[in-house]
Amino acid sequence: MITATIVLLLSVCSPSTPSSIVCYAHSRGMLALFLPNEFPYDLLAANYADTIGIPYFRLAPRSLLQQFHDSAIDLFPDPRSFGTAALGFVKHQRWHNVVLLQRTAEEFTDIQDLVTESYFIEHLKVTPKVLPSEGDYGPILKRLKIQMNARNIVIHTEPRGLAEVLREANVLGMCSKDFGYVLTHPDATLLQMESALWAHCNVTAFSMLDYFSEEARRMHEFLSRAGIISSASKYTIPLHIAVWSDALRLLNSSLQPIGYPDEQRRCDVPFATGRAIRDSVLKARFSGLTGSFCQWDTAKKRLLFEHNLPTRMEGRSTSIRNRTLKVTVYLEEPFVMLKSETQNQTGNDRYEGYLIDLLQRIAEVRGFRYVLHEVRDKSYGVKEAHGKWNGMVGELQSGEADLAVASLTISYSRSEVIDFTVPYMHLGISILFKKPEETHPSLFAFLSPLSVEVWISMAGSYIVASAAIWLLAKISPYENLRQEDDGSFVECPNQFTLFNSFWFTVSSLMQQGADLSPRAGSTRLGAAFWWLFTLIFISSYTANLAAFLTAQRMVSPIESANDLAEQTKIKFGTLGRGSTMTFFNESKIDIYEKMWKTMTSQPGLFVNSSREGIERVLSSDYAYLMESSMLEYAVERNCQLMQIGGLLDQKGYGIGLPKGSPYREPISTAILRLQETTVLTELKEKWWKKKRGGGICTPQKVTQTELGARSVGGIFIVLLVGLLVAIFASAFELIKKATETAQTQSTSVLDSAWKDVKKSFDERRPSRARAEAKRAEEAEDVEQEEEQEEKHIQFVPLEALRPERPVDL
């Protein structure tokens, strides 16, 4: 083996140094010169070496300002070959709409063949875009996703900053099987990213190195031992080191047939062996780390490059069995809770709840393990002002968690950046409010079955019907006639005076009857319709009377979201972060927009947790807008709480996963299996009705209760008032009659009234002596009548009573 002297020209040299260094090295036996990519030092050294005839190798890609001479051997691939390779890949994938991203004009020149050749290919459109040199890549990625609907993206730029581009793409939900990225830079395989990000993003990186060859394995081991590269990944061999290694081996193999030249070395004399060395290099057949060296063009440029695709990743294996997943949880009763005694417990054993049981059942079905940790910022996940997500959603995007297990609502905004399983629970937003105090029936509860308007209408109907019957009786001539038994009519006085008409209708209304009976057809017809009216009215009244007398009612100041929005006394709010707040923020329904404006006008209406919201409901006039699942849990444990109205929307809870996660399908099918076997129903019954004080507020059956004095007390009051009115009416009649008597007999009104009262009581309540005297008087009258009858008796002869014929016995 021949050892060659080689000079590597460094950029720290001054402009006058390259020629002297090359001359000195040539005089010391230099056979070839390796040029770095340092303009203008490489140009000065190349010109001097070409004058002497020393062959030199270019080991870095040339720039637009660099020129090549006859003696230059270019081992580095033509940068435009990466554009050709990308075009071939795009055609193979049958992509029709491609976006090209690069940072500089020189990078676009290298990859321009992808753009120019696309004009000649039907149904292929390539749109170039410029990446910012640094900073926020979100705006351009958003434009690609939303405005251009880009799904296939070719990136040709240095690996520096590419990881941040893909992280931002992952945040925006652009890392899934629907998006494809092609990295065409020669050192694209040096890109350092988290393993989770590699798994989520569908990335294809080109490389000239065959990392599966034996030469690549030995080079990787050597560089790792020397500490030049990291040993974590085999895709970390820089292209320039591979090219240097291939150049040394190529030069060494080319000198074998020539031998080491033995001639005088002078800088003013051309190097005769130099051309022979160059020709031997160009004729050599050699295979190295960067492929084969077998063909060159007239400008000594290497041809026939091979571009490998060693890092094509479309997600990890979909097999979840025997894997250990990182699971982020959010403490929220009854979904995930800390056990009451956790001093001697660590890891997963510290937690319990509905979702902990559900996760364990899913793990048993799919055969995986998991490690639980609480979300750092105690948040489900909200999109912040700069476009990034916090909370559980942010941890899924960054790869800190494989699953997000919590009461995580499936929403459109979240589904754009993460994936969800099928819902394990369906729910909606509802209103939590404290129960009002029970109200007992009032003394006049018997009036409650009918409204005030109905009672007023009833009184009016009574007056109108009474007046109508009186008027009909006055108009009809038949009301003054009475039909006898022989069919003849006898004239008699009209019995339907105005007073009697009112008495007739009220008697019918009370279903007691009256001693009056209509005679004419018109009055009978009017009475019949009045009786029909009273029948329906009394039946309706009595049907509802029992419920109003026995029920203890709770009257709530609000009955729906409309009532809540229209009033100002009761404050209302929701959780300061999460899907409920997002629902009101994005809703276009007038009533919900009004509620959102009210909540945002007073920031103190938002709470930091559901527990805080429930405490505010119990301690003040505050209504808490929360999801129905947690509302049901709270109502089951605190009998002072109640749900107002129905659900404001319909949605579901799901388990969150990173975008494009291969675990979505197996976990979703496991949830469906548990749902079909009623496991989900059993778990909800366990944690809502039984565990931690559940079931104490189960609604009791409605049973009949006895009527208390308070329920029917008003009836006694009405009776008392009625009797008092009757007494006053009787006194009025007495005074009226006494006034008339006093005028005719010239006595005082009081004397006349007293005599009438005394006479009435004497006639209606006789004493014992008066009764005996009356009986004696009656007996005397009877004796006198008998004596008079005896005086008038006439005796008839017996002969007059004899029959004319004998009677046969």
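Is Asn 322 buried or exposed? Asn 322 counts as exposed, because its relative accessibility is 56% and the cut-off for exposed is over 50%. The model is predicted. Asn 322 lies in the loop between β11 (291-293) and β12. Its backbone also deserves a look. Phi of Asn 322 is near 65°, a positive value in a residue other than glycine. Most residues other than glycine have a negative phi, and most peptide bonds are trans.

Now step back to the whole chain. It has 809 residues, and 43% of them count as buried. The chain holds 26 helices and 26 strands. Its accessible surface comes to about 45300 Å². Carbon and sulfur atoms account for 55% of that surface. Consider the contacts between residues at least 6 apart in sequence. Of these, 70% join residues at least 24 apart.

Start the tour at strand β6 (residues 125-130), which contains Lys 129. Lys 129 counts as partly exposed because its relative accessible area is 33%, and that class lies between 20% and 50%. Set aside the neighbours within four places in sequence. Lys 129 then contacts Val 99, Leu 100, Leu 101 and Gln 102, along with Ile 140, Leu 144 and Met 148. Phe 108 is 21 residues away from Lys 129 along the chain. The C-alpha atoms of Phe 108 and Lys 129 are separated by 9.7 Å.

Move on to a pair of helices. α9 (residues 239-255) and α10 (residues 272-283) pack at an angle of about 110°, and their axes are 9 Å apart. The two are therefore roughly perpendicular to each other. Their crossing is right-handed. On the α9 side, the contact is made by Leu 250, Leu 251, Ser 254 and Leu 255. On the α10 side, it is made by Ile 277, Ser 280 and Val 281. By class, this contact has five nonpolar and two polar residues, with no charged ones.

Further along is a cis peptide bond. It joins Glu 333 and Pro 334, with omega about -5°. Pro 334 sits in the loop between β12 (324-329) and β13 (337-338).

Helix α11 (residues 354-366) packs on helix α22 (residues 664-676) at an angle of about 110°, with the axes 10 Å apart. α11 and α22 are therefore roughly perpendicular to each other. The crossing is right-handed. From α11, the contact uses Leu 358, Arg 361, Ile 362, Val 365 and Arg 366. From α22, it uses Pro 666, Ile 667, Thr 669, Ala 670, Ile 671, Arg 673 and Leu 674. Which classes meet here? The contact of α11 with α22 has eight nonpolar, one polar and three charged residues.

The tour ends in the loop between α22 and α23 (679-690), where Thr 678 is found. Thr 678 has a positive phi of about 60°, although it is not a glycine. At 40% relative accessibility, Thr 678 counts as partly exposed.

How values were computed. Residues numbered from 1 in each chain as written. Predicted model: local features only at pLDDT ≥ 70, side-chain atom pairs only at ≥ 80, totals over all residues. Heavy atoms only, no water. Axes fitted to C-alpha atoms, helices over the stretch in contact; angles between N-to-C directions. Helix = DSSP H or I, 4+ residues; strand = E, 2+ residues; numbered from the N terminus. Parallel < 35°, antiparallel > 145°, perpendicular 65-115°, else oblique. Left-handed = near helix turned anticlockwise from the far one by under 90°. Contact = heavy atoms within 4.5 Å. Nonpolar A, V, L, I, M, F, W, Y, C, P; charged D, E, K, R; others polar. Buried < 20%, exposed > 50% of the residue type's maximum accessible area, 1.4 Å probe, protein only. Areas by Shrake-Rupley, 256 points an atom, 1.4 Å probe, with all protein chains shown as cover.
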